[in-house]
Amino acid sequence: MAKQNTEKHTPLRPLRIPDDEWEALGKAVGDRNRTRFLREYIRWYLRWPDSHQPSRPPEQIGAPGVSKKSQQEGEESS
């Protein structure tokens with residue numbers, strides 16, 4: 001196996017995230033955009049110049065115990 005050329009690429013950083021959170025993040029930002037989103041968030045959190053806070057999805061996605069049906073029922077009873 002060829003050694004990764006880190007001069008042109010960032011090094012691999014192992015990160016442990018529960019499957020349900022990883023899948024929900026993929027639904028929110030797109031399966032192939034998770035890394036881009038996390039890097040944007042890190043830059044914003046560190047207050048780097050020209051960084052901006054990543055936008056959030058318009059509704060909760062994949063939160064434990066929360067479904068569209070249970071949210072609608074709560075709104076109707078209000």
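Trainee: Is Arg 34 buried or exposed?
Mentor: Arg 34 is buried, because its relative accessible area is 11%, and buried means under 20% relative accessible area, exposed over 50%, partly exposed in between (1.4 Å probe, protein chains only). Please note that this is a predicted model, in which local features need pLDDT of at least 70 and side-chain atom pairs count only at pLDDT 80 or more, while totals for chains, interfaces and linings use all residues. Residues are numbered from 1 along each chain as its sequence is written, and side-chain values use heavy atoms, with hydrogens and water left out.

Trainee: Which side chain meets Arg 34 in a salt bridge?
Mentor: That of Asp 31, at 3.2 Å, N to O. A salt bridge here is a side-chain nitrogen of Lys or Arg within 4 Å of a carboxyl oxygen of Asp or Glu. Asp 31 counts as exposed, because its relative accessibility is 56%.

Trainee: How many salt bridges are there in the whole structure?
Mentor: A search finds 2. Glu 40 and Arg 36 also meet in a salt bridge (2.7 Å, N to O). Both residues lie in helix α2, 4 residues apart, about one turn of the helix.

Trainee: And is Glu 40 buried or exposed?
Mentor: Glu 40 is buried, with a relative accessible area of 19%, whereas Arg 36 counts as partly exposed at 40%.

Trainee: Let us turn to the fold. How many helices and strands does the chain have?
Mentor: The protein chain has 3 helices and 0 strands. Helices (H or I, at least four residues) and strands (E, at least two) are DSSP runs, numbered from the N terminus. Buried residues make up 10% of the 78 residues.

Trainee: What is the volume of the largest pocket?
Mentor: About 620 Å³. Of the 16 residues that line this pocket, the closest to its centre are Arg 13, Thr 35, Leu 38, Arg 39 and Ile 42. A pocket is an open set of points on a 1 Å grid over the protein atoms alone, where a 1.4 Å probe fits, with protein on both sides within 12 Å along at least five of seven lines; lining residues have an atom within 4 Å of a point. The volume is the space filled by probe spheres set on the points, which are joined across faces, edges and corners.

Trainee: Which element gives the largest share of that lining?
Mentor: Helix α2, with 6 residues.
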